[in-house]
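Please read this briefing alongside the sequence and the coordinates. It moves from the overall fold to local detail.

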Amino acid sequence: MSALKKCPFCGNKVRIEVTQPDVNLVECLRNSHIEYYIECPCGCGMIDEEKEDLVERWNTRIETMDRLVRDVEKWACDKGLNKANPRDQYLKVAEECGEIAAGLARGNEDAVKDAIGDTAVTLIILSQQMGMTLEECLQVAWGEIKDRTGEMRDGVFVKSEDVIGGGGMDDETN
């Protein structure tokens, strides 16, 4: 098995942990499964039931992502989408975001995964139409959020500048 590469986002070393779900007295241990996960101090990670598969996925994910983005960009050029109207493309982005919401509302993980992928494709094409790359857009966004402060409210991160008054966003005086 090959050694784990460092985190591509923060450069830290990562580690593999093993977790096994709690087994209650009624449940047979054979029905339980062990999962391996890679954990980085920056918060990114990955889970798999097979340790070797997990290491392979972790070590190749950046190369795979770069290849997939290039494939989508080429596909868009082949279809002429790179020259289409960005406003029209944004409608496709919004449509795919709606499919994420539908999958979440129905608890359909496969639909959510497909819709997230479709949304990424539409964003790659939109950035291409605007003469940008997805990487450039992510770098700008990361530059804006990396030092952002805020707080979690009902499972949603709220930026400090959006927290109004002492009572926050729920303050009746706002």
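The points below are grouped by topic.

This is a predicted model, in which local features need pLDDT of at least 70 and side-chain atom pairs count only at pLDDT 80 or more, while totals for chains, interfaces and linings use all residues. Residues are numbered from 1 along each chain as its sequence is written, and side-chain values use heavy atoms, with hydrogens and water left out.

**Overall fold**
- The protein has 4 helices and 5 strands, where helices (H or I, at least four residues) and strands (E, at least two) are DSSP runs numbered from the N terminus.
- Along the sequence, the order of elements is β-β-β-α-α-α-α-β-β.
- Of the 174 residues, 21% are buried (under 20% relative accessible area; exposed is over 50%, partly exposed in between, with a 1.4 Å probe and protein chains only).
- Among contacts (heavy atoms within 4.5 Å) with a separation of 6 or more, 38% join residues 24 or more positions apart.

**Strands 2 and 3**
- Strand 2 (residues 35-39) and strand 3 run antiparallel and are joined by 4 bridges; strands pair if DSSP finds at least two bridges between them.
- The two strands form a hairpin with 5 residues between them, and G43 in the turn has a positive phi of about 105°.
- I38 is opposite M46 of strand 3.

**Nonpolar cores**
- The largest nonpolar core has 8 residues: C7, V14, I38, C40, C44, M46, L54 and W58. Such a core is a set of buried Ala, Val, Leu, Ile, Met, Phe, Trp, Tyr and Cys residues joined through side-chain atoms within 4.5 Å.
- Leaving out residues up to four places away in sequence, L54 touches Y36, Y37, I38, M46, I47 and D48.
- A second, separate core of 6 residues includes V69, A76, I125 and L134.

**Helices 1 and 3**
- Helix 1 (residues 51-79) packs against helix 3 (residues 109-129) at about 65°, with the axes 10 Å apart. Axes are lines fitted to C-alpha atoms over the stretch in contact, and angles run from 0 to 180 degrees between N-to-C directions.
- Helix 1 contributes V69, V72, E73, W75, A76 and C77 to the contact, and helix 3 contributes V121, I124, I125 and Q128.

**Loop between strands 4 and 5**
- D154 lies in the loop between strand 4 (150-153) and strand 5 (156-159).
- D154 is not a glycine, yet has a positive phi of about 50°.
- At 82% relative accessibility, D154 is exposed.
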